[in-house]
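Hi everyone, thanks for coming. Let me put the structure up on the screen, and then we can walk through part of it together.

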Amino acid sequence: MSRLLSSALSLRRDPRMLKAPPYLSFACILIGLIWLLVLPLDEYSRRTYISENALLPGQVHTYFGGSEQHVFRAYKEEVAALSGKDTHEINNNIEEILKGFGVKVGRQSYTYGAAGGAYSGENVYGILQAPRGDATEAIVLVCPWKTIGGSENRVGVALSLTLARYFKRWSLWSKDIILLFPPEPKVGTQAWVDAYHDAHDPRHVSPLPLKSGALQGALAIDYPDDHHFSTLHIIYDGVNGQLPNLDLINAVGWVAGNQMGIPSFIQGQYNHQNTYQDRLKTMFRGMLSQGLGNVAGAHSSFIPYHVDAVTLQPWGMGHQDEMAMGRVIEGSFRSLNNLLEHLHQSFFFYLLMSRDRFVSIGTYLPSAMLLAANFTIMAIFLWVKSGQAPKTEGDDSKEKSTTLDTSNTVERDMLLPAAIVAGSHALGMIPLFIFNRLPGDVLPHAFAIFSAISIVLPLIVSHLLTSFYKPTVQQSQLTKSFSLLVLGLSLSTLATLNFSLSFIIGLLASPLSFVQPTKSQPLRWAFASLLSLIAPPTIVYTAAVVAGADVGDLLRDASFGWNVLGVYTPVAIWGVWWPAWTVGTVNVLGFAAA
Amino acid sequence: MTFRGKAGIYAIAVLLRLVLFFAFPGLPDLLTGRVEISTPVTSFKRLEEGLFLYNHNVWPYDGGVYHQAPLLLPLFSLLPDSTSWPIFTPLLYILIDLLSADALVKIAASGEAGKSRLYTSPRQGKGSTGLVIAAAFLFNPLTIASCVGRTTSVFTNCAILFAIAKAVQGFSFHAMVALSFASYLSMYPVLLLPPLVLLAYDRRAYQKTSVLKFSALNVLVVAGCLSVLLGMSYALTGNSWEFLARTYGIQLTLTDLTPTVGLWWYFFIEMFDSFRSFFLALFWLHLASYVGGLSIRLRNQPLAALAVLLGIFSIFKPYPSISDTSLFLGLFSLYTHLLPLMRYTYVASATLMYASFLGPAFYHLWIYAGSGNANFFYAITLVWSLGQSLLVSDLTFAVLRDEWEVERPEMVGKEAKQI
C-alpha cells in the first residue's frame, strides 16, 4: 500500500502529468457529447414501465359514452354561444352550469405585470366533493378557455363539463375532483396553484374562497377543434425543466394505448418511427424545451408544487371521437383515484426518447457532469501551473522538475484575478435586471445596445488592464482558473436541477477552457472573434432567428417567465454564462501570453 | 495597522450588513430558515418562540422547540419589541460580529501564531496583518450569512474569540470567564479548556507559577463561573433543573433530528434504538478525544491546537452550522504564513465551494421539489465535511511540518513521505 502511495506521489511529480489536463479536459467534453448521442440506442435506454402498483391503469371498465354524448352536444352548444364573450360573462355561465349539477364553485381574479404589459383575468373552479373521501386529497382537471395555440378550447370545455356531470353521479371517488377553468393556460393556472398553496402575492392574486386537500395529480385538456382525432399528444414539461413523475405519463399513455387503442406521442414527434434518428430528435426537443424552462401548457405550473401533471392534446385526423377522449380522462382519473400515496415510485429525472423509451438520471447525468468537470479540471490545472516558478534555464528543467518540492511554488497574486471574476459576475446583474424590468417594446433596442456593449466591454477592460496594470502570466492563469472554477461548479449544481440547461450552456461555453492569450496578434484576434461567435447575446439572437421568432418576443417571453412563473433560466445565462464569457474574452485580449 | 484602515473595514462591514438586513426585507427570515445556518440549538426562530413563551410567563421549554440557554431570554427581552423597533436585533448581531473581528485583530497583533513561548516559526512575520484577518472574517460569506440569519452561535463564537484574545493578552481570568460564557451557551467550548489554559499559561510564564497550580486555579474559575451562570438559569426557569435536560440534554442525546450540515443527524435517523446510546457515547468520545492528543502534540503552539480543535468541532459536533466553519476560517487566516506548506488549499476550497452551491440545490430537490430524498442532502454534507477535514488536516500538517523543519534544517524543502 505504501509503495503504491509513493509511486502515486512520484507520478504527481512527473512533468508529463502537467501536460495531460488540457487533453483530459477535451476528452471530457468529447465523451460527454458522445455519451448523450448513444443514449437513444437500445443498450442504454430502457422501456418504460409502471412502477406504482396502486395505479392499476386500464384495470377498470370505463362507462363514459352512450347517453353522455347528448349531454356533451348540449354543453357544446352552450359553450359555442359563449364564443368571443368576455371572461366575466363566460365564468358566470360556467359557474351556473357547475352549480346546476351541485358542484361548489369559487372564483379568483389576478393581475400580473411583466415586460410592461398587464396579464389579468379571472379563474373559475368547482370542487366535486368525494363521496368516499374526507377532503384531504384532490385531483385536478384543468381546462383553459384558450388552448396553447391560442384558439378557443371549445371541445375541451364542453367535455370537461360533461365529465364533471358524469363524475358527480359516481360514488367511487375517494379524492375530491377539482375542475379548473382558467381564461388561458399560462397565467391563470399559475395564479390558481400559487393561491392554492398560499404562496401567492396578495397584491396581484386574490386568495381562493374554496379549497380541498393536497393535490395528487392534474390533467389538462387542450382540445380546440371539433373533429375526430387519431393520436394523443402528451405534453409533460414543467416550469424550470422540472418533470412530472414518469408513472403519470406511463399511466395515461397506457390507458390511451392499451385500453382505448389510441396511440400517443410526445414532443410533437407525430411520425415517430422508433428509429435512432427519431429517438434522438425527440430527446433533443425534450432537452431544448427543458432547458428553456418555460411553460409548455396549463399543467406546467403545477409541477413546481410537486403536483404531477400533464396536458393531453388530441392530434391528427382519425376515427377517435370526443367520447374516447373522455374515456381516457375517466380511466386516468380512476387510476389516480386508486393512489394510496403521492406518486413517488418512478423517476422524476428522465429523458424520454419516445413515448415508451427513456433513460434515467443515473445514465444521462454523467454527460453534463463531464462537461462541467472539464472546467474544473482546467481550473485546477491552471492553479497548479500558476504556482510554478517560471523556468530560468531550459536545460536543467528536467532535473528540477523531478525534485520539485513545496518550497518551489511561487507566491500567487490573487487580488486582481479575484476582482476581475467577481466584477464580471456583479456586472451580470445588469442584463438580468434590465431584461426583466424594461417594458416589452423597448426590449429589442435594449438588447441591441447591450449586445454592442457586451462586444466592446472586453476590449475596454483589456485596454485598461494593459495600460495600467501590466498583468503577468500568472495573473492571466489565475483569472481563467477562478472563472472556470465558478463556471464548473455552477454548471454541476445546475445539472442536478435542470440537466438540459446545464448541458447546453456547458457545451456552448466549452471553448472557454481552451482559448488563451497568445503572442501572435492575428491569432489573438482570431480567438476573440471565435469567442464573439459563441457570445451569449449572439446565441440568443441566433436562437430566436432559427426558431423563426422575433428577439423582442423571445425576451418578452423570458421576462414573463421570470416575473410571473419564476423561471430562473435568465440567471443561468446572464449570471453564470455571460460573466464566464466576458472573463474569457478579457483573458484572451488583455493578458500577457505564457 | 492604522486606525483609519480598521475603522474603514468595520464601517464597510456594518454598512454591508445593514444593507442586507434592510434593503432585502425577506433575506433575514429566509436565511433564518436555512438548515445550513440555523440548527435546533442556535436557531433564531426557536429563540423567538422561547422568547414569546418567556414573555407570557410560560416556561420557555414547553412545546419542545426552544433548546437554547435560558439567559438569552432576558437579554433579548431587554431589546425593544422587534416588530415595532426592528433595528435593535440586527444592531446587536452586527456589534457581536465586530467584537469577534476585534478579538481576531488582537490575537493577530500578539503574534502568537508565529512566535509562542516555546516555539518560533521560521516563517514568523510572513503572515497577514490583523487588518486583512479582520476583513477576511467580516467579509466571509459564511460570517455574513450567520449574522443576517441571526443564529445565536455568533454569541458563542464571539465568546470563544474573546477568550482566546484575553488569553494571549495574559488576562487568564477574563479568558476563563469568557470561555465559561461560551460553554454555558453551547456546551462544546468547555472542551477548549486545556489548550486555552496552556495558552494563557504560556503568555504569563514570567509569573513563575507551576502549570499544575495555574491550571487548577483556572479550572476553578471556570467551574465557579459556570455554577453562577447555571444558578442564575435555575432561578430564572422557575427554580428547576429541568432546563439542563432541555438544553445540554438535547445536544448530548441528539433527540432533535433536524438536518444540519453535520454528520450526526443522518446517522442517528438510521440507527436502531438499541444501539443509540452506544453510538452517542462513541460520537461524543470521538469528539472529546482530540482535545488531549492535540494539546499534548501541539504543546509548543497552543493557539494552533485551538484552531485545529475548532475545525474538528465544526465537522464533528452534534449540531454544526456554517457559523462554526466561519469561526474556524477566522482562526485559519492567522496561519497564512504557513500557506506555502499546505498542499490542498485549492482542492479544499473548491470542495467547500462545490458543497455550498450543491447543498442548497439538493436540499431544494429533497424538501421542495420532492424529486430527491434525504440521501441527496446528506451526500453533500459529507462533501462539506470532507472539504473542512482537508483544510483541518492541511493546517495540522503545515503546523507540524513547520516545527519539523526547525528540528531538522537539512530537510527544508524536501518531500515528506507519510509512512
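Helix α19 of chain A lies across strands β2 and β3 of chain A, running at about 130° to β2(A). Helices here are DSSP runs of H or I with at least four residues, strands are runs of E with at least two, and both are numbered from the N terminus. Angles go from 0 to 180 degrees between N-to-C directions, with axes fitted to C-alpha atoms, for helices over the stretch in contact.

A quick word on the source: this is a predicted model, where local features need pLDDT of at least 70 and side-chain atom pairs count only at pLDDT 80 or more, while totals for chains, interfaces and linings use all residues. Residues are numbered from 1 along each chain as its sequence is written, and chains are lettered from A and ligands numbered from 1 in the order written.

Now the domains. Chain A has domain 1 (18-42 + 364-389 + 410-590) and domain 2 (53-355), with bounds from an automatic or database domain assignment. Between them, 25 residues of domain 1 of chain A are in contact with 25 of domain 2, contact being C-beta atoms, placed from the backbone, within 7 Å. On the domain 1 side, α19(A) gives the most, with 8 residues.

Back to the strands: chain A has an open sheet of 8, ordered β2-β3-β5-β4-β6-β9-β7-β8, with mixed pairing. Strands pair if DSSP finds at least two bridges between them. β2 and β8 of chain A are at the edges with a single partner each, so one side of each lacks a neighbour in the sheet.

Key:
Contact = placed C-beta atoms within 7 Å.
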